[in-house]
Amino acid sequence: MGINRDYLGRTYPPTEPYEVSRVKIAEFATAIGDSNPLYRDRAAAQAAGHRDVPAPPTFPIVISMAGSAKALMDPGLGVNYAMVVHGEQRFEYSRPVYAGDVVTCRSTIADIRDAGRNVLLTTQTEISTVEGEHVCTAYSTVVERGGAGN
Amino acid sequence: MYAPRIPRSWSAAGPGTERGASEMTAQVKYDDVEAGTELEPRTYPVQRIDLVKYCGASGDFNVIHWNERIAKSVGLPDVIAHGMFTMAEAGRYVTDWIGDPGAVLDFGVRFSAPVVVPDDDIGATIEVGGKVEEKLDDNRVVLALTARSGDAKVLSRTRAVVKLA
C-alpha cells in the first residue's frame with residue numbers, strides 16, 4: 001500500500017455546483033469571531049464597492065474541501081486518511097467569493113513528495129463560477145504521517 | 001518611524017466587539033508603509049464553543065476538534081482547534097488591518113503546531129502579529145505574519161499579498 005505516485009497530475013471531475021448564501025457567509029464570520037458588517041449587510045458591502053456580501057479570505061475552504069476530498073478519498077490514490085493532518089494551505093484570489101455565486105471545484109493532485117518519514121500531498125483546487133469566471137485557487141497540503149517508504 | 005493608522009476597532013477588548021469595520025475600506029495607503037513596518041499585534045481568544053461553531057460553519061466535524069476523549073486517545077494533549085480556524089484568525093487580522101476583504105490577493109500558511117483548547121472558562125489564545133515584508137508594484141505589499149498560542153508557534157511561513165490604497 002502507500003500513496004500511488006502514478007496519480008500525480010490527475011484531475012478529478014468538477015464538483016456539483018455550490019450556491020453561496022449570505023446566511024452561510026454570516027455564519028462563517030460569526031464562527032471565526034469576525035463582526036465586520038461587510039460579511040452580513042448587503043448595503044454596507046455595496047457601499048464599500050462590492051457587488052454583494054463578500055466572504056472572509058478563508059471561506060473558500062468550505063467549498064474547496066468537496067473538490068480536494070474527491071482526490072484524497074480516491075481509493076486508488078491510497079491515502080491512509082487516519083494518519084493525515086493538514087500541513088499547509090494557500091489561496092490565490094482573482095476576487096472574493098460573493099453571496100450569490102454558484103461555483104464548482106476542479107481538483108488536481110499537484111504534488112506528492114517525501115519529507116522524512118512522512119508524505120506530503122498537495123491538491124490544487126480551482127474554484128470557478130458556473131459561468132466560467134475564476135474566483136480562487138486553493139492549494140491544500142496534507143501530511144500522511146509515516147507514509148514514506150511504503 | 002512610521003506608525004500605521006490602526007482602525008479604532010483594533011483597540012477593542014476582544015472578538016465580537018469590533019464596530020465601524022465598514023468604515024475601514026482602503027484605510028492603509030501604499031505610500032504610508034515601508035518594508036519593515038510593524039503591524040500592531042492582536043490576541044484572539046478561543047474556547048470550545050468557538051470550535052463547535054466552526055465545525056458547523058465549515059462542515060469539518062473531525063472529532064479531535066470537539067471530543068477530548070478521542071483527541072487524547074490519538075496522542076493529542078487535549079482538543080485542538082482546526083488549523084483553518086487559526087488561519088481564519090490570521091486572515092481576520094489582515095482584513096481588519098487593510099479594511100477590505102477584497103484586497104487580499106494571496107494568503108498562505110504552514111500549520112506548525114496545534115492550538116490546544118482546554119475545557120475551562122479561559123480556553124486558549126492565538127496571538128497574531130505581522131509586518132510589511134516587501135513592497136511590490138501596483139500598490140501590492142507582502143505581509144509576513146506570525147501566530148503563537150502559549151509557547152507554541154502555531155503558524156509558520158505565513159504570507160499574505162494585499163493591495164493597498
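Modeller: Two residues are in contact if their C-beta atoms, placed from the backbone, lie within 7 Å. The model is a predicted one, in which local features need pLDDT of at least 70 and side-chain atom pairs count only at pLDDT 80 or more, while totals for chains, interfaces and linings use all residues. Residues are numbered from 1 along each chain as its sequence is written, and chains are lettered from A and ligands numbered from 1 in the order in which they are written. Among contacts in chain B between residues at least 6 apart in sequence, 64% join residues at least 24 apart.

Where the chains meet, chain A contributes 32 residues and chain B contributes 33 residues. On chain A, helix H1 (22-31), helix H3 (60-72) and strand S2 (84-93) each supply at least two residues of the side that touches chain B; helices (H or I, at least four residues) and strands (E, at least two) are DSSP runs, numbered from the N terminus. S2(A) gives the largest share of that side, with eight residues. By type, the side of chain A that touches chain B comprises 16 nonpolar, 10 polar and six charged residues. Here Ala, Val, Leu, Ile, Met, Phe, Trp, Tyr, Cys and Pro count as nonpolar, Asp, Glu, Lys and Arg as charged, and the others, Gly among them, as polar.

S2(A) also crosses the boundary by strand pairing: five bridges join S2(A) to strand S2 (residues 104-111) of chain B, and the two run antiparallel. Two strands pair if DSSP finds at least two bridges between them. Within this pairing, A:Arg90 stands opposite B:Gly108. The pair belongs to an open sheet of 10 strands with antiparallel pairing, in the order S1(A)-S3(A)-S4(A)-S5(A)-S2(A)-S2(B)-S5(B)-S4(B)-S3(B)-S1(B). Its edge strands, each pairing on one side only, are strand S1 (18-19) of chain A and strand S1 (38-46) of chain B.

S3(A) and S4(A) form a hairpin with two residues between them, and A:Gly116 in the turn has a positive phi of about 65°.

A:Ile32 counts as buried because 25 C-beta neighbours lie inside 10 Å. The rule is that a residue is buried if 20 or more other C-beta atoms lie within 10 Å of its own, exposed if 12 or fewer, and partly exposed in between, with C-beta atoms placed from the backbone. Leaving aside neighbours within four places in sequence, A:Ile32 is in contact with A:Pro56 and, in chain B, with B:Tyr54, B:Phe85, B:Ala88, B:Glu89 and B:Arg92.

The largest nonpolar core has 70 residues, and those with the most contacts inside it are A:Ile25, A:Phe28, B:Ala90, B:Val94 and B:Val162. Such a core is a set of buried Ala, Val, Leu, Ile, Met, Phe, Trp, Tyr and Cys residues joined through C-beta atoms within 7 Å. Helix H3 (residues 83-98) of chain B gives the most to this core, with nine residues. B:Val94, again leaving aside neighbours within four places in sequence, is in contact with B:Val104, B:Leu143, B:Ala160 and B:Val162. A second, separate core of seven residues includes A:Ala71, A:Val79, A:Val119 and A:Leu121.

H3(B) is mostly covered, with 16 of its 16 residues buried. Just after H3(B), B:Gly99 takes a positive phi of about 80°. On the chain A side, H3(A) bends by about 30° at A:Ala66, the bend being the angle between axes fitted to the seven residues ending there and the seven starting there. The buried residues of H3(A) include A:Ile61, A:Ile63, A:Met65 and A:Ala71.
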